[in-house]
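This report describes selected features of one protein structure, taken in turn. The sequence and model are shown first.

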Amino acid sequence: MGMPVITTGTGSRSQAITDLIESVALQEVALSHILNAEGEKMQAIISSNATQEELFAMNDSVSKLVSSATRLEMILQAKLELFAEEGIELPMPPKTTAADEFEKIKIATLTADFELDAPGAQAGAIALALGAARAVVSPDYIVAFIFGNYTPGVLSGKFKVTKAGDPTDTAGDDADRAIIITTTYIRTSPVELEKITVSSIEIDIALDAPGASDMAADMAVAGARAQIALGYTINFILISYVAGALTGKFTVKNDADPADTAEDITGRDISVTTTWRPAVEELAKINVPAVMVDVPLEGQGVQELAAAQAVDVAQAQVTMGYVANFTAENYSGGVLTGKFTAIDIFGPDNKATDKSSREISVGYEPTTAGAQLAGINVREVPVTMPVDFPDTDMEAADVAALKAQTQISASYTAAFDLEGYNPSSGIFTGRFKVTSAADPTDTAGDTNARSVAALYTPAPAAEAELAKIEASSINVSEPLSESSIAAAAQVIAQAQIAPGYSVFFQISHYDAPGTLWGRFVVMNDAVPTDRAANTADYEVRAAYVPA
């Protein structure tokens, strides 16, 4: 609504009176906009599946606004009455009673935008009825609804209307009235389930290899996830698997509404193909006639450096899922001899090695630490803990150095000097330094600090264990405190995750009595990098129940 403008008049007393009356009218318009906005806010709260306590709080807020509006109306009326003696006919609101206002309530049906049998539907229906009644009753009157009963689609109860400031002026239903509630709500998970058309998938291990069924199911889920909207969780219930054929059911759950779920009635048949090939076929792809090293050909460590370069070239030639190795046998006069091996990382028994040795020509290409430094391009690195966790900056710096090492010659070492870290964004700054392993004087470092982003990348296995933890409401056998709640939550969480993993609870803050905030951290006892943690504080509500 734009700013109202009152045109300047002639300056006479009558014009001044007219202008003031016009200003009162504009205030009435503004008041109507405020009341309309309050009504829209009510509808937004109702449609958000608010709790009954939140709806009562909204009702209290609306009542206060109506009372304030009533007081403003009295002030505006007093302004108008100042000019009654001038002989100006002032519009007076018709006098009504609570009985007159009550007669305006003709509510028989209402339309909701929530599920009629969902939790909170009763409170939503009451709020909807009150909103509809208040929309037709004068703001000088207070509307109440005395609840009778609710079954999905039917709300019964009594309306009562009372004059604000005069409790004797009241009227209402003598008996419960029934209000039919319809809804525009549609369960959305079935709609998303119908979008899934996954009929074939591809895996990168042998169709009859151990774990092929699990990989096929995971690929089916990945394909389905790309077909549905964000905000839904999808799973696949495996029914059967034989090499090349997967059968199962998809399930879809609305993350914002746990009651909104859908599942295939019958199993789907999904064909499975593979990119897997016998290792001997991968070995045949390897063709490394020559490599270049950055140390003199008769220098120390040439054989190891040339072998590493040969592996890098071979690794780029085999299919993802295979590892290329090289066993050096001899090096002399710029010629390296040895055998390549191709190994399937998902099936180590699937491997093949050269039957005869290969000869690889080795060339010398001088370089410097400065040239190696210029080749480092590290903009982001994965970390195994949330970016605002203690020591994440040190982990990020170490990973940055390791990533830089993969971008330079094996005859040089890379280091990263951490200078600053922002735990809110995960951005850290520092300088890379490159040094020759053979000549410590051949070194170079960044002149200006670089910015690198740390990205929280939890280990999938630990993340799956973390998702099992449910400790939002627990009983504690000792008096409530930070330590007693944390210890109890940790014991409960430990019992929910798989053996071989440990869990601890990092405390953020404590709200007495009985509410503790913090994060669960899950770690693999045998693999330190297999870990995951909550990215936001987890709320644990505790009750003291003596043993």
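Leaving out residues up to four places away in sequence, L155 touches A125, I126, A129, F145, F147, N149, Y150, R177, A178, I179 and I181. The model is a predicted one.

L155 is among the residues with the most contacts inside the largest nonpolar core, together with I105, F159, V161 and I181. This core has 35 residues. At least two of its residues come from each of α1 (13-47), α2 (52-81), α3 (98-102), β1 (109-112), α4 (121-136), β2 (141-151), β3 and β5 (177-183). The element that gives the most to this core is α4, with 9 residues. There is also a second, separate core, which has 26 residues, including L193, I205, A216 and Y232.

## T162 in strand β3

Strand β3 covers residues 154-163, and T162 lies in this strand. T162 has a relative accessibility of 17%; because buried means under 20%, T162 counts as buried.

The side chain of T162 is joined to that of T170 by a polar contact of 3.2 Å.

## Strand β13 and its partners

Strand β13 spans residues 335-344 and is mostly covered, with 7 of its 10 residues buried. Its pairing with strand β12 (residues 322-332) is antiparallel and comprises 10 bridges. In this pairing, S332 has V335 of β13 as its bridge partner. The hairpin of β12 and β13 has 2 residues between the strands, and G333 takes a positive phi near 55° there.

β13 also pairs with strand β15 (residues 358-364), in the antiparallel sense and over 4 bridges. T337 stands opposite E359 of β15. One of the residue pairs here is A342 with its bridge partner A352 in β14. The hairpin that joins β13 to β14 passes through 6 residues.

In a regular strand, side chains alternate between the two faces of the sheet.

## Y538 in strand β25

Y538 is placed in strand β25, which runs over residues 538-544. Y538 counts as buried because its relative accessibility is 17%, and the cut-off for buried is under 20%.

Apart from neighbours within four places in sequence, Y538 is in contact with I469, E470, A471, S472, F505, L516, W517, G518 and F520. Between Y538 and Q506 there are 9.8 Å in space, C-alpha to C-alpha, and the two residues are 32 residues apart in sequence.

## K41 in helix α1

K41 has its place in helix α1. Is K41 buried or partly exposed? With a relative accessible area of 38%, K41 is partly exposed, a class that lies between the 20% cut-off for buried and the 50% cut-off for exposed.

K41 and S481 are 440 residues apart along the chain, and their C-alpha atoms are separated by 39 Å.

Terms used
Residues numbered from 1 in each chain as written. Predicted model: local features only at pLDDT ≥ 70, side-chain atom pairs only at ≥ 80, totals over all residues. Heavy atoms only, no water. Buried < 20%, exposed > 50% of the residue type's maximum accessible area, 1.4 Å probe, protein only. Polar contact = N/O pair within 3.5 Å; in protein donor to acceptor, adjacent residues only side chain to side chain. Core = buried A, V, L, I, M, F, W, Y, C linked by side-chain atoms within 4.5 Å. Contact = heavy atoms within 4.5 Å. Pairing = 2+ DSSP bridges.
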